[in-house]
Amino acid sequence: MLDNLSHELDQVDPFIARAARLFEIRRVPAMAEAKLAEANALFIDEMYVPALEAYSAAIQHGADGDAGAFASRAAAYLKLSKFTEALQDANTAIKLDARREVAYYRKGIACFSLDEFEAAKSAFERGLALMSEASGGDSRKYATWIRKCEIEIEDDDDDDDADEVDGGGAAAAP
């Protein structure tokens, strides 16, 4: 049916026809929207496992092009301490919408939890930059996480220096 309508619109106004096709392609199906609403409600109620399942269902039912769905599912994964999965979803959200500030925040937390402090710091810095560009929102959460990353990076550097002085941690002969 859409093809017939598209063909008719092409003959009237190619610009309107193209816009109609783009709208149809980008529209999140109703089932996916319903699952996203359900998932958000479950998340707010701190029911993270059912929320995760609902986010997954929304993505499966057509929200797979929706960066917000992946960023939200990343939050559910974080609450369940599934940091690798959270990182994957945050990266997918960023790939779909590189200006989605919250995806960088969730990526940063996932990386930090996986002891990937440089990557975490980078994600937090990018999120902070986007927040500053958009609205100048409350940057304290980013500043706190960036400081935590810097401390961990410095500690890692200190540990590396100690290993070099120690001779790589090899035991000394008696």
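**Figure 1. A look at helix α4 by itself.** The expected span here is 1.5 Å times one less than the number of residues. Helices are DSSP runs of H or I with at least four residues, strands are runs of E with at least two, and both are numbered from the N terminus. This is a predicted model, in which local features need pLDDT of at least 70 and side-chain atom pairs count only at pLDDT 80 or more, while totals for chains, interfaces and linings use all residues. Residues are numbered from 1 along each chain as its sequence is written, and side-chain values use heavy atoms, with hydrogens and water left out.

**Figure 2. Which residues of α4 are buried?** They are Tyr-48, Ala-51, Leu-52, Ala-54, Tyr-55, Ala-57, Ala-58 and Ile-59. Buried means under 20% relative accessible area, exposed means over 50%, and partly exposed is in between (1.4 Å probe, protein chains only). The buried residues of α4 pack against α3 (30-44) and α5. After α4 comes Gly-62, with a positive phi near 125°.

**Figure 3. Helices α4 and α5, side by side.** Helix α4 (residues 48-60) packs with helix α5 (residues 67-79) at an angle of about 155°, and their axes are 9 Å apart. That makes α4 roughly antiparallel to α5. On the α4 side, the contact is made by Tyr-48, Leu-52, Tyr-55, Ser-56 and Ile-59; α5 brings Ala-69, Phe-70, Ser-72, Arg-73, Ala-76, Tyr-77 and Lys-79. Sorted by kind, the residues of this contact of α4 with α5 come out as eight nonpolar, two polar and two charged. The crossing of α4 and α5 is left-handed.

A few terms for this view: axes are lines fitted to C-alpha atoms, for helices over the stretch in contact, and angles run from 0 to 180 degrees between N-to-C directions. Angles under 35 degrees count as roughly parallel, over 145 as roughly antiparallel, 65 to 115 as roughly perpendicular, and the rest as oblique. A crossing is left-handed if the near helix is turned anticlockwise from the far one by less than a right angle, and right-handed if clockwise. Contact means heavy atoms within 4.5 Å. Ala, Val, Leu, Ile, Met, Phe, Trp, Tyr, Cys and Pro count as nonpolar, Asp, Glu, Lys and Arg as charged, and the others, Gly among them, as polar.

**Figure 4. Helix α3 meets α5.** The axes of α3 and α5 come within 11 Å, crossing at roughly 30°. That makes α3 roughly parallel to α5. Again there's a left-handed crossing where α3 passes α5. From α3, Leu-36, Asn-40 and Phe-43 meet Ala-69, Ser-72, Ala-75, Ala-76 and Lys-79 in α5. The residues of the contact of α3 with α5 split into five nonpolar, two polar and one charged.

**Figure 5. Is helix α5 mostly covered or uncovered?** Mostly covered: 12 of the 13 residues of α5 are buried. Among them are Gly-68, Phe-70, Arg-73, Tyr-77 and Leu-78. The cover over the buried residues of α5 includes α3, α4, α6 (83-96) and α7 (101-113). From first C-alpha to last, α5 reaches 19 Å, close to the 18 Å expected at 1.5 Å a residue.

Figure 6. Ser-72 is part of helix α5. Setting aside neighbours within four places in sequence, Ser-72 is in contact with Asn-40, Tyr-55 and Arg-106. Asp-89 is 17 residues from Ser-72 in sequence, and the two are 8.6 Å apart in space, C-alpha to C-alpha. Over in helix α3 lies Lys-35, which counts as partly exposed at 21% relative accessibility. Beyond neighbours within four places in sequence, Lys-35 is in contact with Ala-54, Ala-57 and Ala-58.

**Figure 7. Two loop residues with a positive phi.** Most residues other than glycine have a negative phi. Glu-46 isn't a glycine, yet has a positive phi of about 60°. Glu-46 sits in the loop between α3 and α4 and counts as exposed, at 59% relative accessibility. Ser-81, also not a glycine, has a positive phi of about 60° and is found in the loop between α5 and α6.
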